[in-house]
Structure formats: structure tokens, C-alpha cells
Amino acid sequence: MRLAMIGLGRMGAGIARRLMEHGHEVVGYDRSTEAVEAIAKDGATPASSLEDVVAKLAAPRIFWVMLPAGAPTESTVEALLGAAEPGDIIIDGGNSFYKDDIRRAKAAAERGLHYVDVGTSGGVWGLQRGFCMMIGGAKEAVDLLDPIFDALAPGIGTIPRTPERMEREGCDPRAEKGYIHCGDAGSGHFVKMVHNGIEYGLMQAYAEGFDVLKSKASEKLPEDQRFDLNLTDIAEVWRRGSVISSWLLDLSASALAKDQALDAYSGQVADSGEGQWTIDAAMEEAVPAYVLSAALFARYRSRTEHTFGDKLLSAMRFGFGGHVEMPQ
């Protein structure tokens, strides 16, 4: 299939390259001419403007927008709504607020266009490992895009299949490959939003746990109760057969092996909005979310005082997404 990738940052460029590796054709556009030139060297067709993007695609056109949530995505989608023709498909693969998707999908439908939201997880490793995708939109459009999603997804791979799932009727077989059609427009980003809220909680648990381990050597404790623990070795042993093993722990182990003090990080942890949106949704639904809200507030606190655990949070964020810390 042929589609446009609008936004060639870490995620957009990775998605474009993985698609091309699987035989799809990509028209690449970004405000950065360097980013466009780089993707063109890998086989993409360069575009100099949104108008040029439209001209280089045949109907029905597929526009994948991979930009930061908020104004950059909003203005780009608005421009595409005016430039696209009936039957064309606009995909937002970033981290937009799901209620914005619902509004945009209605505006697209009024023009005879399809709007699909794709919550995309995989970070800077997606090109190599594949991307996990949570998709919202009309079935007609999602089914048409299936070859694209299938190419981007990690596939079943070596992860054992869930026996109980194999015996249950009505399960979406695409879930085992790493992508699902969640429902109507907005549902994909809603599921990804909660995914990121859970991510906050998991990361905070690791951060606090390693902080407790490190602080066991504190001079505030009685001397005979102090342990000078090797955090690098502890992270490594937990990766192997432990019930708390995970990719986040893998990233933590890697960061600690490079520098157990994590001196490259200040501990001022950023957030991209999904954690707050998850808490907002929990309040709207009257669902208690103690861990997720505490994890979000811990990030806010990290901007005034920093702990070793905060440094580990920053190290994990850099590990999976290349995210840098907030400026001090």
C-alpha cells in the first residue's frame, strides 16, 4: 500500500522505515528538511508540503499523522480535512486526547472522510521490535488498513499463546499479533491513554523499590542494619525467572549497568499528559485509581525535589522512548 507519513520524528521515522521494509510505499513529509532527506535516502518519496503530499497519493489517500498531541496535530488534521477528498483516510498515530478524536471523526464524516486513531506503543525500539497498536474507527476503514497494521505489529513471535484464550470464541486473532480494533473513533487512544497511565504506575513501583534498596546503606540507619547492595546485580537477577520481570526492568538493568549512580539524570521527570487524562477518566467513571494518581503526583513532586528513584524513572523513559528530562 502507499501512504503518507506526516511527522518524521523518532516514532514517525521508525514507522515509515518499518513499513518500507515490509514492501509498502511511503511519502514522507516533515517541517524539517533534514528529516525528509534522511527518510528519502531509505526509499521514501519526499514531499515539500501538505499540498505536495496530497498530489503524490492516489485515491483513496491514506495520511498518517505522527505529531505531538495538541496544536501540531490539530492544525495538521484541520488542513487535511480541507485538502482530502471523499473516501480518503486520516490516521492520528500520536497520543491525542480521545475526546478530540471523537470530534475530529465527526468533522471528517461530514466531508465523506474516514478518521482512524491509533494508540501506538513501541517507542524508539518499534522499528526493530514492532509496534503495539490500539485502533479506533469505522470497521470499513480499519479493515482496509489491515496490511499496514500487520506490517507494523510485532507478530506472535516467541511469546507463549494464552491457552484459555485459544479455547474462547469471539477473540480477535489480531491481538496475538500486537494490534486490535478497539471500537469507534476515540477508543484506540482511550485504551492507549490507560496503557500509559498503567505505565506510570509500573515505573513508579520500580523507582520506589530501587530507592528503598539504595537507601539501605544510609547513615541514618544503625550501622549493623546497613546493606551496601549492588543494584546492578539485583536488577539483573530479577530479570531472570522473577515474577516482576518486564521490559521496563530490562531498561532499568541496562541503565544501572552503565552507571549505578545514574548521574546522567537529574530526576526531574516529565509527563506527556496521558497520566492526567487517565485520572480524569477515572474520576468521570467514579473508579478509584490510587496507584495511578500517586504515580502522576510523584512526577509533579520530582520537579521540586529529586530522589534516586526519580533518576531511574528518567532512565526508563529515555530507554524506551528517547525522552529527555525537563529542563531545570
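## Backbone exceptions

A286 sits in the loop that links α13 to α14 (290–301); helices (H or I, at least four residues) and strands (E, at least two) are DSSP runs numbered from the N terminus. The model is a predicted one, in which local features need pLDDT of at least 70 and side-chain atom pairs count only at pLDDT 80 or more, while totals for chains, interfaces and linings use all residues. Residues are numbered from 1 along each chain as its sequence is written, and side-chain values use heavy atoms, with hydrogens and water left out.

Most residues other than glycine have a negative phi, and most peptide bonds are trans. A286 is not a glycine, yet its phi is positive, about 60°. L262 lies in the loop between α12 (247–258) and α13 (274–285).

The peptide bond between A59 and P60 is cis, with omega about -5°. P60 belongs to the loop between α3 (50–55) and β4 (62–65).

## Two domains

The protein chain is split into domain 1 (2–185) and domain 2 (192–308), with bounds from an automatic or database domain assignment. Taken over C-alpha atoms, the centres of domain 1 and domain 2 are 31 Å apart. Domain 1 brings 13 residues to the contact and domain 2 brings 9, contact being heavy atoms within 4.5 Å.

About 890 Å² is buried between domain 1 and domain 2, and 63% of that is on carbon and sulfur atoms. Buried area is the accessible area (1.4 Å probe) that two parts lose on being put together, summed over both.

## Across the interface

Domain 1 and domain 2 are joined by 1 salt bridge, a side-chain nitrogen of Lys or Arg within 4 Å of a carboxyl oxygen of Asp or Glu. The side chains of K99 and E284 form a salt bridge, at 2.9 Å from N to O.

On the side of domain 1 that touches domain 2, α5 (98–110) and β6 (114–121) each supply at least two residues. β6 gives the largest share, 3 residues. By class, this side of domain 1 holds 5 nonpolar, 6 polar and 2 charged residues; Ala, Val, Leu, Ile, Met, Phe, Trp, Tyr, Cys and Pro count as nonpolar, Asp, Glu, Lys and Arg as charged, and the others, Gly among them, as polar.
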